[in-house]
Amino acid sequence: MLIVDDLRKGFGSGANRLEVLNGVNMELKTGELVALMGPSGCGKSTLLNSIGGLLPADDGAITLDGRSYGQKNPSNVVDIRRECVGWIFQDFHLLEHLTAIDNVAMALELSGISSEEAEKEARKALIKVGLEDRMEHIPDQLSGGQQQRVAIARALAGEPKILLADEPTGNLDSLMARQVMELLHDLNKDGATI
């Protein structure tokens, strides 16, 4: 489902050039859950940003669900991000004046789904992450773990081919982090590729 072939990415130039990805290869099958681990600065986020179509590689190729892009500019892979990738970030990126359901529905509406269908899908996604009783709450009325669950629901709602999670528990205490990781494992058991 995902093939990364000899991916290379560096930053800077000349003597100041830093090669962050130096020939990365990987394959991910539908339904797998894979963790990328390594020290800070080793290229994990750079790799995820390239796979997610946010950062073009200098060389190599990425194929996701039969679509090749790797070195294409992010403006040329909007359809891949919209149709294939769900993002979960360390910072929840919720709009503070919108309710949980509106935060999820708005992302769907921006991808071209009607308001009515977006709300229906947002409701299903929030139920899936265990927030059926918090749909009408704004972020300030939610714990950090609940806010991350809203962000996960937003990533899930469009039924992407893959969920990319960049340090999804980085801003959570250990109890909330464990709950979010359990949720990701449960979603994977239900078939999500993460």
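**Exercise 1. Decide whether Phe89 is buried, partly exposed or exposed.**

Step 1. Phe89 has a relative accessible area of 26%.
Step 2. Apply the cut-offs: buried is under 20% relative accessible area, exposed is over 50%, and partly exposed lies in between (1.4 Å probe, protein chains only).
Step 3. Phe89 is therefore partly exposed.

This is a predicted model: local features need pLDDT of at least 70, side-chain atom pairs count only at pLDDT 80 or more, and totals for chains, interfaces and linings use all residues. Residues are numbered from 1 along each chain as its sequence is written, and side-chain values use heavy atoms, with hydrogens and water left out.

**Exercise 2. Find the aromatic pair and classify its geometry.**

Step 1. The structure holds one aromatic pair. Its members are Trp87 and Phe89.
Step 2. Rings of Phe, Tyr and Trp (its six-membered ring) pair if their centres lie within 6.5 Å; planes under 30 degrees apart count as stacked, over 60 as edge-to-face and the rest as tilted.
Step 3. Trp87 is buried, at 12% relative accessible area.

**Exercise 3. Describe how helix H3 meets helix H4.**

Step 1. Locate the helices. H3 covers residues 100-110 and H4 covers residues 115-128. Helices (H or I, at least four residues) and strands (E, at least two) are DSSP runs, numbered from the N terminus.
Step 2. The axes come within 8 Å and cross at roughly 125°. Axes are lines fitted to C-alpha atoms, for helices over the stretch in contact; angles run from 0 to 180 degrees between N-to-C directions.
Step 3. So H3 is oblique to H4. Angles under 35 degrees count as roughly parallel, over 145 as roughly antiparallel, 65 to 115 as roughly perpendicular and the rest as oblique.
Step 4. List the contact (heavy atoms within 4.5 Å). H3 gives Ala100, Ile101, Val104, Ala105, Leu108 and Glu109; H4 gives residues including Ser115, Ala118 and Leu126.

**Exercise 4. Repeat the analysis for H3 and helix H5.**

Step 1. H5 covers residues 144-157. The axes of H3 and H5 come within 9 Å and cross at roughly 30°.
Step 2. H3 is therefore roughly parallel to H5.
Step 3. H3 contributes Ala100, Asn103, Val104, Ala107 and Leu108, and H5 contributes Val150, Ala153, Arg154 and Ala157.
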